[in-house]
Amino acid sequence: MNVATSIPSARFSALLVEGDKLVGLEDKLRDEGCSIRRATSRATALEAIAGTDVIVIAPSSISGDDVAEIIAKANGASVLVIAQENDLAVRAAKLGASVMVGSAIELAAAQIKQVLAVVDLKRKVARQAMINMGAGIPSSSPLSGVVQRRSAPLPKEATPDALDALIEAAEGLVPMHKFQRVYVDYALRRFGGNKVHTAAALGIDRRTIQRWARARAEQRPAAPAAVSSSTTIQS
């Protein structure tokens, strides 16, 4: 059965899928500002998915197939699977869920915090995209929030969606030095490649960005002559 639990001014809506034996995840979700619905079976979980921001599955009483179906029908919600076996963890990860193996409650709390940070980031980007659309400001994609601040197009190497890379790095908990580079790359796209504006926004030295961009350029294969005349990133 589902038990609805709410808190005043909740920031997120969470669905907790676990057995009757509670392990403390509900308290951790509430501490992070979540209103909580609980489900103890696949059927009740699927009924409660609508309008959910994050789904946390502690599959002590449901099968791997049930977990997979819940992930597949998450309807845009972020999913965290707390698995006891590596096979289930790998299966859930391949379906796009965040995973942890084991039952350490503090580690689960850290994972929940990380997943909710990504949810919050996606919300902010979506809001900014709506503001940009209302103001007639172009962006690289409807949900990217990446504002092009010059009339010339960005160079070819700048066209991939840096926001997707940033979210993927956050969800994957990559080493901090790698995350910093992905974040700087995202900021550069927001400022149309302008290193001065990017450095000022991030509170770092412009030369740091220049060194990183130079190192990245040296690692890329040489571009064909026909492409070499493309617009360069502004200094």
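## Close-up views of a predicted model

View 1. Residues are numbered from 1 along each chain as its sequence is written, and side-chain values use heavy atoms, with hydrogens and water left out. Back to Gly-102: its loop runs between strand E6 (98-101) and helix H5 (105-135) (helices, H or I with at least four residues, and strands, E with at least two, are DSSP runs numbered from the N terminus). Who does Gly-102 touch, once residues up to four places away in sequence are set aside? Ile-82, Ala-83 and Gln-84 (contact means heavy atoms within 4.5 Å). Take Ala-83: Gly-102 is 19 residues from it in sequence, yet their C-alpha atoms are 6.2 Å apart in space.

View 2. Look in the loop between strand E2 (12-17) and helix H1 (25-31) to find Glu-18.

View 3. Ser-13 belongs to strand E2, and its 14% relative accessibility makes it buried. Skip the neighbours within four places in sequence, and Ser-13 still contacts Ser-35, Arg-37, Gly-51, Thr-52, Asp-53 and Val-54.

**View 4. Asn-75 is out in the open.** This residue lies in the loop between helix H3 (64-72) and strand E5 (78-83). Asn-75 is exposed, at 65% relative accessible area. What is its phi? Positive, at about 60°, although Asn-75 is not a glycine.

**View 5. Helix H6 packs against helix H7.** The axes of H6 (residues 162-172) and H7 come within 9 Å and cross at roughly 155° (axes are lines fitted to C-alpha atoms, for helices over the stretch in contact, with angles from 0 to 180 degrees between N-to-C directions). H6 is therefore roughly antiparallel to H7 (over 145 degrees; under 35 is roughly parallel, 65 to 115 roughly perpendicular and the rest oblique). Among the residues that meet are Leu-163 and Leu-166 from H6, and Phe-179 and Tyr-186 from H7. By class, this contact has 10 nonpolar, no polar and 2 charged residues (Ala, Val, Leu, Ile, Met, Phe, Trp, Tyr, Cys and Pro are nonpolar, Asp, Glu, Lys and Arg charged, and the others, Gly among them, polar).

**View 6. Helix H7 also meets helix H8.** The axes of H7 (residues 176-190) and H8 (residues 195-202) come within 9 Å, crossing at roughly 125°. That makes the two helices oblique to each other. On the H7 side you'll find Tyr-183, Val-184, Ala-187 and Leu-188, which meet Lys-195, Thr-198 and Leu-202 of H8. Sorted by class, this contact has 5 nonpolar, 1 polar and 1 charged residues.

Conventions: This is a predicted model: local features need pLDDT of at least 70, side-chain atom pairs count only at pLDDT 80 or more; totals for chains, interfaces and linings use all residues. Buried means under 20% relative accessible area, exposed over 50%, partly exposed in between (1.4 Å probe, protein chains only).
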